[in-house]
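Me: I have a chain to look through and would like to go over it with you slowly. Could you take my questions one at a time?

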Amino acid sequence: MMNDSIGIDISKDRLDAFRLSDRAHRAFANTQAGFDDLRRWLGDSPVCRLVYEATGPYHGAFECALASRLPLVKVNPLQARRFAQARGSRAKT
């Protein structure tokens, strides 16, 4: 598989992941066990970037657990919203 981009929606209880190349998606717990499950789901395929929004206190543990292992890209939620509006979309996703 080619280099891939993964989008992560982070909430208090879970991470919703979406892989762009094959449009696969899956939910994981926002816990250390969930981070381990996410790494296993990603497997050995090269990941170009994991894109996620800064979500107050909910993304901190995610960053600490994965920053040394995967290429993380933090997006400002307001900028993501404005980009969607500029494209004429009502939603960011």
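Me: What order do the strands of the open sheet have?

Reply: In this predicted model, the open sheet has 5 strands in the order β3-β2-β1-β4-β5, and the pairing is mixed. Strands here are DSSP runs of E with at least two residues, helices are runs of H or I with at least four residues, and both are numbered from the N terminus; two strands count as paired if DSSP finds at least two bridges between them.

Me: Which strands stand at the edges?

Reply: Those are β3 (24–29) and β5 (72–75), and because each has a single partner strand, one side of each is left without a neighbour in the sheet. Neighbouring strands of the sheet are turned by 25 degrees against each other on average, with direction ignored; the axes behind such angles are lines fitted to C-alpha atoms, for helices over the stretch in contact, and angles run from 0 to 180 degrees between N-to-C directions.

Me: What holds strands together in general?

Reply: Strands of a sheet pair through backbone hydrogen bonds, in either a parallel or an antiparallel way.

Me: And how many bridges are there between β1 and β2?

Reply: Strand β1 (residues 4–10) and strand β2 (residues 14–19) pair over 5 bridges in the antiparallel sense, and they form a hairpin with 3 residues between them.

Me: Which residue does Asp16 stand opposite in β3?

Reply: Asp16 stands opposite Ala27 in β3, and Asp16 of β2 is also the bridge partner of Asp9. Asp16 belongs to the uncovered face of β2, together with Arg14 and Phe18, whereas Leu15, Ala17 and Arg19 make up the covered face.

Me: Which strands does helix α1 lie across?

Reply: Helix α1 (residues 32–42) lies across β1, β2, β3 and β4 (47–53), and runs at about 160 degrees to β3.

Me: How much of it is buried?

Reply: Buried residues make up 31% of the 93 residues, where buried means under 20% relative accessible area, exposed means over 50%, and partly exposed is in between (1.4 Å probe, protein chains only). Gly60, which lies in helix α2 (residues 60–66), counts as partly exposed because its relative accessibility is 27%.

Me: What comes just after α3?

Reply: Just after α3 comes Gly88, which takes a positive phi of about 85 degrees.

Me: Anything about how to read these numbers?

Reply: Residues are numbered from 1 along each chain as its sequence is written, and side-chain values use heavy atoms, leaving out hydrogens and water. Local features need pLDDT of at least 70 and side-chain atom pairs count only at pLDDT 80 or more, while totals for chains, interfaces and linings use all residues.

Definitions and conventions: Contact means heavy atoms within 4.5 Å.
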